[in-house]
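Colleague: Could you take me through this model slowly, with the terms spelled out as we go?

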Amino acid sequence: MDKVTTSILKEMKSKGEKITMLTAYDYLMASLLDEAGIDILMVGDSVGNVFLGYDNTLPVTMEDMIHHTAAVARGVKRAMVIGDMPFMSYQASLSEAIRNAGRFLKEAGAVGVKLEGGAAVADTATAIVKSGIPVMGHLGLTPQSIHLLGGYGLQAKDEAQAEMLISDARMLEEAGCFSLVLEKIPSKLARQVTEAVSIPTIGIGAGKYCDGQVLVTPDMLGMFKKFTPKFAKQYAQLGKAINSAASSYIKEVKTQKFPGKEHSFE
Ligand code: KIV
């Protein structure tokens, strides 16, 4: 089974074959998603929201990310594993950014890293790529800037912001990024960006014209009730299924129905 590489992703874009990406944070889910044939597993800093119980992604640390990325990498045979650089792991200096990006490959077994932002992080992206590390960009809604953005609403709604986003995308391509996440922007703009760059765009809440799609796995499995964005289609209701299984187990233990003979050693 061939591993997914950056050149395979580029080839998929040129052939018009859609790229699939989901988030993963642990060995078990990563192995299930990899078996299903997912192309990219993103160990998102959304781990802070969905697994660690924070209100936003800002408290997530490099140690958290290395721990979760290593677990995901151990579960994968084919998918490309990308580690999300957490807030303040790449903003302070180029050398810190390179060293932290390197940790994802050296200590966690990732293939590349993702960082948020446009022109402001282009030099950082270049420096990381020059160190031999594939970089995925992230434009539109960038949750690490939540306090600057003032909320999780639709981004780049007016023409000036749309032009700025297209220019950011071109800059990240020039910086050497191998792909771009486009989050929560109008579909028409996502289409313009997708046509303006030769690297694959992967949309979340960015419509159907992107070269690929990504969703946060606990959202699409119906497991995370705290935040249910419009774009997060639910493909299962695992939250309900887990609740119902746990209720049945509790009832059977309380009523001494479980364990029965078939689960016991006489
Ligand atoms: O943190 C995350 O899960 C992400 C994906 C939505 C791309 O950035």
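Modeller: To begin with the ligand, one of its oxygen atoms is 3.0 Å from an N or O atom in the side chain of D45, where a polar contact is a pair of N or O atoms within 3.5 Å. This is a predicted model, in which local features need pLDDT of at least 70 and side-chain atom pairs count only at pLDDT 80 or more, while totals for chains, interfaces and linings use all residues. Residues are numbered from 1 along each chain as its sequence is written, and side-chain values use heavy atoms, with hydrogens and water left out.

Colleague: How far from an oxygen atom of the ligand is an N or O atom in the side chain of K114?

Modeller: K114 is one of the residues around the ligand, a group in which each residue has a heavy atom within 4 Å of the molecule. From an N or O atom in the K114 side chain to an oxygen atom of the ligand, the distance is 3.0 Å.

Colleague: Is H68 buried or exposed?

Modeller: H68 lies in helix α4, helices being DSSP runs of H or I with at least four residues, and strands runs of E with at least two, numbered from the N terminus. Buried means under 20% relative accessible area, exposed over 50%, and partly exposed in between, with a 1.4 Å probe and protein chains only. Because its relative accessibility is 12%, H68 counts as buried.

Colleague: Which residues does H68 contact, leaving aside its neighbours within four places in sequence?

Modeller: Contact means heavy atoms within 4.5 Å. With those sequence neighbours set aside, the residues in contact with H68 are Y25, V43, V47 and L52.

Colleague: Why are the buried residues of α5 on the same side of the helix?

Modeller: The buried residues in α5 are A97, N100, A101, R103 and F104. The arc is that of the directions from the helix axis to the C-beta atoms. These residues lie on the same side of α5 because they cover an arc of only 145°.

Colleague: Which residues are exposed on the other side of α5?

Modeller: What covers the buried residues of α5 includes α4, β3, β4 and α6. On the other side of α5, the exposed residues are R99 and K106.

How values were computed
A polar contact is a pair of N or O atoms within 3.5 Å; within protein, one must be able to donate a hydrogen and the other to accept it, and residues adjacent in sequence count only if both atoms are side-chain atoms.
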